[in-house]
Amino acid sequence: MSNWPPDPNKAPDNTPTPNNSDNPSPRVMPVSSGGREWHLLEKTLLASIEEQRRARRWRVISKVLSLLTLLLLFFMLSRSCSTAESISSVDVTKPHIAVVDLQGVISADNTANAYDVSAALSEAFESKGAKAVVLNINSPGGSPVQSDEIWQTMMSLRKEHPNKKLYAVIGDMGASGAYYIASAADEIYVNPSSLVGSIGVIMPGYNLKGLMDKYGVKDATLTAGEYKDILSMSRDLTDFEKQHIKGVLDNTHKHFIDAVKKGRGDRLKNPEDNKLFTGLFWTGEQAIALGLADKKGSLMSLEKELDIDNVVDYTPVDPMQMFLNNFALQLGSGIGSSVELKLLPEEQTSAEMK
């Protein structure tokens with residue numbers, strides 16, 4: 001009697017069916033074994049599908065987060081730009097002191113560069129509400145070329161606007177190229193402890209020949225031109241090269257001295273009898289005694305002296321730098337707030353315990 005289909009209430013019979021050529025019947029896999037295999041295969045397929053879905057979801061989420069981050073950055077940048085514009089949107093028709101900052105090393109690659117500073121000074125002088133212009137200086141100096149261009153702009157603006165005084169206020173330092181620029185002002189204000197002067201020119205150089213010989217390092221530089229490697233650190237300068245470089249520095253130094261003499265005029269105290277132009281620097285108090293500066297003071301004291309409490313900053317602002325500053329400020333504010341929120345309950349608890 002055939003045992004197919006199997007009785008679901010009866011345990012399967014695993015006894016092999018005899019091969020009867022007269023009445024052949026198909027071999028059937030046990031139901032329990034086949035069910036387990038299909039179940040495992042189904043789980044594997046579903047797991048693979050779910051993994052693909054998760055990967056797609058994460059790709060979508062990643063793109064959305066990237067887009068939101070970019071939008072946030074653009075939003076913060078636009079806010080920083082609008083902050084910069086708000087400075088220039090002040091009512092400049094009202095009487096005010098126009099201030100331009102000269103901060104850091106004077107260089108074409110820095111904010112203290114001839115183009116931006118000169119443009120800001122020109123805008124300040126042309127403003128009808130500006131009763132005086134102040135160059136707020138805190139710089140160790142820098143490029144002779146950039147310094148001279150700013151100096152020339154200041155001298156030209158003073159000539160074009162004889163009724164508007166130009167002040168230079170030196171903070172921590174106004175040395176070398178920074179003093180070169182300050183000498184073009186009508187008056188120079190200093191703090192008694194400011195560092196002022198350093199009227200000289202320097203070209204740093206190093207000779208590493210001994211160190212290279214010690215470690216077996218050889219210079220394989222190729223040149224076209226007898227003195228193209230005149231500043232090489234792998235050899236000594238010849239006497240001719242030293243004289244040539246000294247002549248270049250002396251010529252630049254002469255331009256520096258002439259600019260200071262022209263800017264300061266007869267306010268310099270015995271310029272030929274002291275060491276004003278030797279590269280030495282002095283305190284602000286000493287600088288006044290030498291005629292390198294005029295008065296002790298600051299931007300705040302100048303406001304009181306001129307009886308004008310409205311100050312407008314004409315310093316050009318780099319939007320990216322403003323954005324980075326705002327970003328750092330917001331980040332620091334957020335961290336500070338989180339720390340405050342965490343500490344506040346503990347402080348209250350300790351106060352209650354007391």
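Visitor: Say helices (H or I, at least four residues) and strands (E, at least two) are DSSP runs, numbered from the N terminus. How many helices and strands are there in the protein?

Guide: Nine helices and eight strands. This is a predicted model, where local features need pLDDT of at least 70 and side-chain atom pairs count only at pLDDT 80 or more, while totals for chains, interfaces and linings use all residues. Residues are numbered from 1 along each chain as its sequence is written, and side-chain values use heavy atoms, with hydrogens and water left out.

Visitor: What share of the residues is buried?

Guide: Of the 354 residues, 28% are buried. Buried means under 20% relative accessible area, exposed means over 50%, and partly exposed is in between (1.4 Å probe, protein chains only).

Visitor: And the surface, how much of it belongs to carbon and sulfur atoms?

Guide: The accessible surface is about 24,200 Å², and carbon and sulfur atoms own 58% of that. The areas come from the Shrake-Rupley method with a 1.4 Å probe; for residues, only the protein chains shown count as cover.

Visitor: Which elements do the buried residues of α6 pack against?

Guide: They pack against α3, α4 (177-182) and β4 (187-190), with contact meaning heavy atoms within 4.5 Å. The buried set in α6 includes E241, L249, F256 and R264.

Visitor: How far does α6 reach from its first C-alpha to its last?

Guide: Helix α6 (residues 239-264) has 26 residues and reaches 37 Å, close to the 38 Å expected at 1.5 Å a residue. That expected span is 1.5 Å times one less than the number of residues. Just after α6, G265 takes a positive phi of about 60°.

Visitor: You mentioned R264. Why does it count as buried?

Guide: Because its relative accessibility is 2%. The R264 side chain reaches the backbone oxygen of A293 at 3.5 Å. Residues in contact with R264, leaving aside neighbours within four places in sequence, include Y179, S183, I188 and L292.

Visitor: Where is L292, then?

Guide: L292 is in the loop between α7 (284-290) and β7 (295-296). L292 counts as buried because its relative accessible area is 0%. Beyond neighbours within four places, its contacts include Y179, I199, R264 and W282.

Visitor: What does the side chain of K164 reach?

Guide: The backbone oxygen of S127, at 2.8 Å. The backbone oxygen of F125 also lies 2.8 Å from a polar atom of the K164 side chain. K164 sits in the loop between α3 (144-160) and β3 (165-175).

Visitor: Is D307 buried or exposed?

Guide: D307 counts as exposed because its relative accessibility is 69%. Its phi is near 60°, a positive value in a residue other than glycine. Most residues other than glycine have a negative phi.

Visitor: And what is phi of S198 near?

Guide: It's near 55°, also positive. S198 is in the loop between β5 (195-197) and α5 (209-214), and S198 is buried, with a relative accessible area of 19%.

Definitions and conventions. Polar contact = N/O pair within 3.5 Å; in protein donor to acceptor, adjacent residues only side chain to side chain.
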